[in-house]
Amino acid sequence: MNFKSIDKSLRLSLAIVISTCATNIFTQPAKAEYWQPHECFTDFDANYNPVDVCMDGYNIGIFWNDGSYVNGYCTSRSDYNVDYYGLSKRDAISWVDYYC
């Protein structure tokens, strides 16, 4: 291995580390811990994975241990405005629809 190949792989590794850190810094994770304890309860999805469900009467947050989540609002309309990660929009809306 020569100096140029080491330099190239070092730059690549450094770029990966920096991009990972930037993603972690600028992406605020959705977590149940941001809710009040009396607003949350634990349920299970179809695969028996634990799900934290948090509601305050208008807002809803649903969180899985793998980082997947759904955040939205409980409204009288069926076209819920939701923010979601780790599942499809259809699944995210069905979770909000089920609990709201």
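This is a predicted model: local features need pLDDT of at least 70, side-chain atom pairs count only at pLDDT 80 or more; totals for chains, interfaces and linings use all residues.
I then looked up the elements and found two helices and five strands. Along the sequence they follow the pattern α-β-β-β-β-β-α. I also noted the accessible surface, which comes to about 7600 Å², with 55% of it belonging to carbon and sulfur atoms. Among contacts between residues at least 6 apart in sequence, 21% join residues at least 24 apart.

Next I turned to strand S3 (59–64). How many of the six residues of S3 are buried? I found five, so S3 is largely enclosed by the rest of the structure.

I looked up the pairing of S3 on each side. S2 and S3 pair in the antiparallel sense over five bridges. S3 and S4 also run antiparallel, and five bridges join them.

Then I checked the turns. S2 and S3 form a hairpin with three residues between them, and Gly57 in that turn has a positive phi of about 105 degrees. The hairpin of S3 and S4 has four residues between the strands, and here Gly67 in the turn has a positive phi of about 100 degrees.

**Entry: helix H2**

I moved on to helix H2 (89–99). Which residues of H2 are buried? I listed Ala92, Trp95, Val96 and Tyr99. Seen down the axis of H2, these buried residues fall within an arc of 95 degrees, so they line one face of the helix. On the other side of H2, I found Arg90 and Tyr98 exposed. I also asked what covers the buried residues of H2, and the answer includes S1, S2, S3, S4 and S5.

**Entry: two single residues**

I picked Glu39, which lies in the loop between helix H1 (3–26) and strand S1 (40–44). Is Glu39 buried or exposed? Its relative accessibility is 19%, and the cut-off for buried is under 20%, so Glu39 counts as buried. Leaving out residues up to four places away in sequence, Glu39 touches Val53, Cys54, Met55 and Asp56.

Last, I looked at Cys100, in the segment after H2. Cys100 counts as partly exposed because its relative accessibility is 39%. The C-alpha atoms of Cys100 and Ile60 are separated by 8.1 Å, and these two residues are 40 residues apart along the chain.

Definitions and conventions:
Residues are numbered from 1 along each chain as its sequence is written. Side-chain values use heavy atoms; hydrogens and water are left out. Buried means under 20% relative accessible area, exposed over 50%, partly exposed in between (1.4 Å probe, protein chains only). Contact means heavy atoms within 4.5 Å. Accessible areas come from the Shrake-Rupley method with a 1.4 Å probe; for residues, only the protein chains shown count as cover. The arc is that of the directions from the helix axis to the C-beta atoms. Two strands pair if DSSP finds at least two bridges between them.
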